[in-house]
Amino acid sequence: MASAEPNNETPNRPAAEAVAYQGKPLPNVPEDLIVPGILNLDFDEKHWVPQAPDVWFRPILFNVSQGYFVNLLRVRRSGILSRHRHSGPVHATVLKGRWHYLEHEWWAEEGSHAFEPPGDIHTLEVPDGVDEMVTLFHVTGAYIYVDPQGNPVGVEDVFSKLASAKVHYEKVGLGSDYVDQFIR
């Protein structure tokens, strides 16, 4: 009669003891990216890349091979930030403050997460009384900035964000290659 003992080496069950993978690395796999302390929003000001008056971003990941970026967006003013359309999905997690889109009834508030589908067009507003808004954005594809009728007036994607970061880091003395740590 076969043993009723389960096999500890099955894919659905971990081994009895922790053993790291011992084989050769797979080819063409980039290094892991670890960015410590992103929830501590008290970064050195040099790390915040200016985007517009009273608006900055802090890079976390520029994935140039898959066309997406992850960053913290910091806004220190109220009012309309932008009107844009997404060419891909966007995930947003609010770390501080609040904001909303004029076209939707929901509010993105501290501790909340929003999923924005490709093709969505909206106008981002930070309301009066919010001294600082910080949101973690994962943006796939591009923001296509549009006028009120939806006509394109500008584009922002992983490549334009990367170029802005390179210029900024060179200007503040960190060197343009400082941004390389965020590229995958």
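Predicted model: local features only at pLDDT ≥ 70, side-chain atom pairs only at ≥ 80, totals over all residues.
When residues up to four places away in sequence are set aside, Leu136 touches Ile60, Val70, Asn71, Leu72, His91, Ala92, Thr93 and Leu95.

Leu102, by contrast, is placed in a loop, the one that runs between β6 (98-101) and β7 (107-109). This leucine is also partly exposed, its relative accessible area being 47%, a value that lies between the limits of 20% for buried and 50% for exposed residues. Apart from neighbours within four places in sequence, the residues in contact with Leu102 are Ile80, Thr123 and Glu125. From Arg83, which is 19 residues away in sequence, Leu102 is separated by 9.4 Å in space, C-alpha to C-alpha.

Turning to the backbone, most residues other than glycine have a negative phi. Asn28, although not a glycine, has a positive phi of about 65 degrees; this asparagine is located in the segment before β1 (49-52) and counts as exposed, at 79% relative accessibility. Asp54, likewise not a glycine, has a positive phi of about 65 degrees. Asp54 is found in the loop between β1 and β2 (55-63), where, at 38% relative accessibility, this aspartate counts as partly exposed.

Technical notes: Residues numbered from 1 in each chain as written. Heavy atoms only, no water. Helix = DSSP H or I, 4+ residues; strand = E, 2+ residues; numbered from the N terminus. Buried < 20%, exposed > 50% of the residue type's maximum accessible area, 1.4 Å probe, protein only. Contact = heavy atoms within 4.5 Å.
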